[in-house]
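Q: Please take a close look at one loop in this model and at what surrounds it. Keep it brisk, and give the cut-offs for each term.

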Amino acid sequence: MTKRVPIPAAVREYVCQRDGYRCCSCGSTQNLTIDHIIPLAKGGTNDSSNLQTLCRSCNCRKNGRYHLIFHPYWL
Ligand SMILES: [Zn+2]
């Protein structure tokens, strides 16, 4: 398991709201998680600018490709 620094509840709420309670990759509204765009291990932070809403399956798909920055589906 990867060691994780907990994201404050207020920050999670902000990110979910900003992303419209949808996965940034596929637009799903189910099984949403908060993902670090740049992993903490790579120098990322818990700042909302480094956080995005991803569904569980997109989050899993991203695993192992942490060197790529995940682009929101609307870009
Ligand atoms: Zn997704």
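A: Asn31 sits in the loop between H1 and S1. Helices (H or I, at least four residues) and strands (E, at least two) are DSSP runs, numbered from the N terminus. Residue numbers start from 1 along each chain, following the sequence as written. The model is predicted: local features need pLDDT of at least 70, side-chain atom pairs count only at pLDDT 80 or more, and totals for chains, interfaces and linings use all residues.

Start with the backbone. Asn31 is not a glycine, yet its phi is positive, about 50°. Tyr21 lies in the loop between helix H1 (9–18) and strand S1 (32–36) as well. Tyr21 has a phi near 55°, again a positive value in a residue other than glycine.

Next, exposure. A residue is buried if 20 or more other C-beta atoms lie within 10 Å of its own, exposed if 12 or fewer, and partly exposed in between, with C-beta atoms placed from the backbone. Asn31 has 12 other C-beta atoms within 10 Å, so Asn31 is exposed. Tyr21 is exposed because it has 10 other C-beta atoms within 10 Å. Across the protein chain, buried residues make up 17% of the 75 residues.

Now the contacts. Two residues are in contact if their C-beta atoms, placed from the backbone, lie within 7 Å. Setting aside residues up to four places away in sequence, Cys55 touches Asn31, along with Cys23, Cys26, Ser28, Gln30 and Leu32. Cys55 also belongs to the largest nonpolar core, together with Cys23, Cys24, Leu32, Leu54 and Cys58, six residues in all. Such a core is a set of buried Ala, Val, Leu, Ile, Met, Phe, Trp, Tyr and Cys residues joined through C-beta atoms within 7 Å.

Strand S2 spans residues 51–55, and Leu51 is part of it. Leu51 counts as buried because it has 24 C-beta neighbours inside 10 Å. Beyond its neighbours within four places in sequence, Leu51 contacts Ile7, Val11, Val15, Ile34, Asp35, His36 and Ile37. Leu51 and Asp35 are 16 residues apart along the chain, and their C-alpha atoms are separated by 5.6 Å.

Last, the wider setting. The protein chain has two helices and two strands. From the N terminus on, the elements run α-β-β-α. Of the contacts with a separation of 6 or more, 60% join residues 24 or more positions apart.
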